[in-house]
Amino acid sequence: MARFTLPRDIYHGKGSLEALKTLDGKRAIVCVGGGSMKRFGFLDKAVSYLKEAGMEVELFEGIESDPSVETVMKGAAAMQKFQPDWIVAIGGGSPIDAAKAMWIKYEYPETTFEDMCKVFGLPKLRTKARFCAVSSTSGTATEVTAFSIITDYEKGIKYPIADFEITPDVAIVDPELAETMPKKLVAHTGMDAMTHAVEAYVSTANCDYTDPLALHAIKMIENDLVDSYNGDMDARDRMHNAQCLAGMAFSNALLGIVHSMAHKTGAAFADYGAHIIHGAANAMYLPKVIAFNAKDETAKKRYGVIADFMGLGGSNDDEKVKLLIEYLRGMNDKLNIPHCIKNYGADSYPTENGFVPEEVFLERLPEIAKNAIGDACTGSNPRQPSQEEMEKLLKCCYYDTEVDF
Ligand SMILES: NC(=O)c1ccc[n+]([C@@H]2O[C@H](COP(=O)([O-])OP(=O)(O)OC[C@H]3O[C@@H](n4cnc5c(N)ncnc54)[C@H](O)[C@@H]3O)[C@@H](O)[C@H]2O)c1
Ligand SMILES: [Zn+2]
């Protein structure tokens with residue numbers, strides 16, 4: 001038996017933030033990030049809509065990018081105190097993910113972070129509150145997914161929490177919120193969405209329900225991401241839907257080792273002054289993983305279908321895989337994203353000497369590879385890498401060398 005789960009309601013289109021007026025409850029806690037939602041006036045609007053719905057409103061502000069276990073615990077304590085029956089998370093993937101984890105701890109105060117990370121092992125939520133997610137970036141699609149990514153900074157590791165219990169009840173996909181994104185964020189979150197759709201399409205858990213969503217998302221991202229990056233606001237609006245479709249696909253079809261590697265490298269070099277931003281990591285690793293996975297016949301055929309759907313040409317699957325890889329690398333160039341970790345600057349832009357020194361990378365490689373294999377996204381990848389293969393693959397992602405194994 002397979003399961004396909006989405007939020008009960010997805011409000012989309014310009015001005016759909018107003019759907020907050022339709023929520024039915026007494027107390028809403030609004031979880032937000034560092035200030036962009038306040039700065040652009042969306043937070044005030046959200047609060048006034050909730051008040052119009054007759055709710056008492058409290059804010060939990062300042063959720064950082066790549067949220068920590070500590071932030072989750074703090075937010076849950078604020079919820080314990082206020083006793084909301086609606087949790088409304090507004091912003092990028094970070095505040096929405098953090099709010100999802102806070103929700104678990106609020107409903108079950110005895111739960112530890114380790115308990116939360118047991119894949120598809122959460123108890124029933126919604127005994128205290130329901131969850132509404134309003135996304136302001138066009139990438140993670142966490143407003144419709146069963147996932148939340150929380151970082152354990154002591155270990156330098158990102159942990160995915162995965163369970164349909166944390167699929168929000170209501171998602172609001174209002175493109176007006178995405179129009180204020182700076183270019184770099186458009187690039188990173190957009191390639192995150194592309195990776196979601198491609199990984200979902202070749203995942204071993206793909207199905208008839210997820211395939212059309214993944215393919216349509218890929219086509220839309222092909223058509224609109226670069227234009228959105230270059231300031232075309234109609235393309236920006238369509239990207240907000242495209243990333244959501246990709247999210248509906250991967251929430252139900254799961255992901256693959258591009259994400260496993262991005263999760264385990266993202267914060268692994270934080271002591272050298274930067275993170276490898278999630279979407280940029282995906283953009284760099286995706287072409288390498290396609291080459292690796294294409295050694296599996298079923299995956300190769302599926303990449304061929306993607307290439308056909310994108311209209312890339314090629315007369316057999318080997319050619320189509322090559323053209324797909326070339327196309328994705330071309331997108332990285334147009335979006336000013338480097339091709340490998342060696343050339344990834346602390347500001348995320350391509351540079352001769354990136355922020356991760358070679359010797360540090362090689363020293364940490366065995367541990368990172370082991371962690372990536374153990375990541376929750378590895379299980380649904382079409383090819384299961386050995387420790388040796390994962391180390392080789394990560395080296396290709398560091399040096400931008402060809403994957404021939
Ligand atoms: N839950 C999932 O299914 C899932 C999937 C992929 C990634 N993730 C996680 O999501 C996080 C990344 O989320 P993200 O890429 O959305 O970025 P983010 O939420 O970390 O935000 C990045 C920055 O952009 C700013 N910002 C957000 N929206 C803006 C807007 N509209 N205008 C101007 N500035 C804006 C924020 O204030 C912040 O400074 C990572 O931790 C990643 O691991 C989760
Ligand atoms: Zn992602």
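Q: In this predicted model, what is the handedness of the crossing in which helix 8 passes helix 12?

A: Two packed helices are described by the angle between their axes and the distance between the axes. In this predicted model, helix 8 passes helix 12 in a right-handed crossing. Helix 8 covers residues 211-229 and helix 12 covers residues 297-310, and the two pack at an angle of about 45 degrees with their axes 10 Å apart. Helix 8 and helix 12 are therefore oblique to each other.

Q: Which residues meet where helix 8 packs on helix 12?

A: From helix 8 come Leu215, Ile218, Lys219 and Glu222, and these meet Ile306, Phe309 and Met310 of helix 12. Sorted by class, the residues of this contact of helix 8 with helix 12 are five nonpolar, no polar and two charged.

Q: At what angle do the axes of helix 10 and helix 11 cross?

A: The axes of helix 10 (residues 257-266) and helix 11 (residues 278-293) cross at roughly 135 degrees and come within 9 Å, which makes helix 10 oblique to helix 11. This crossing, too, is right-handed. In the contact, Ile257, Val258, His259, Met261, Ala262, Thr265 and Gly266 of helix 10 meet His278, Ala281, Asn282, Tyr285, Leu286 and Val289 of helix 11, and by class the contact has eight nonpolar, five polar and no charged residues.

Q: Is leucine 393 buried or exposed?

A: Leucine 393 has its place in helix 15 (residues 387-399). A residue counts as buried with 20 or more other C-beta atoms within 10 Å of its own; leucine 393 has 22 C-beta neighbours inside 10 Å and therefore counts as buried. Leaving aside its neighbours within four places in sequence, leucine 393 is in contact with Lys288, Phe292, Pro385 and Val403. From C-alpha to C-alpha, leucine 393 and tyrosine 285 are 8.9 Å apart in space, although they are 108 residues apart in sequence.

Conventions. Residues are numbered from 1 along each chain as its sequence is written. Chains are lettered from A and ligands numbered from 1 in the order in which they are written. This is a predicted model: local features need pLDDT of at least 70, side-chain atom pairs count only at pLDDT 80 or more; totals for chains, interfaces and linings use all residues. Axes are lines fitted to C-alpha atoms, for helices over the stretch in contact, and angles run from 0 to 180 degrees between N-to-C directions. Helices (H or I, at least four residues) and strands (E, at least two) are DSSP runs, numbered from the N terminus. Angles under 35 degrees count as roughly parallel, over 145 as roughly antiparallel, 65 to 115 as roughly perpendicular and the rest as oblique. A crossing is left-handed if the near helix is turned anticlockwise from the far one by less than a right angle, and right-handed if clockwise. Two residues are in contact if their C-beta atoms, placed from the backbone, lie within 7 Å. Ala, Val, Leu, Ile, Met, Phe, Trp, Tyr, Cys and Pro count as nonpolar, Asp, Glu, Lys and Arg as charged, and the others, Gly among them, as polar. A residue is buried if 20 or more other C-beta atoms lie within 10 Å of its own, exposed if 12 or fewer, and partly exposed in between; C-beta atoms are placed from the backbone.
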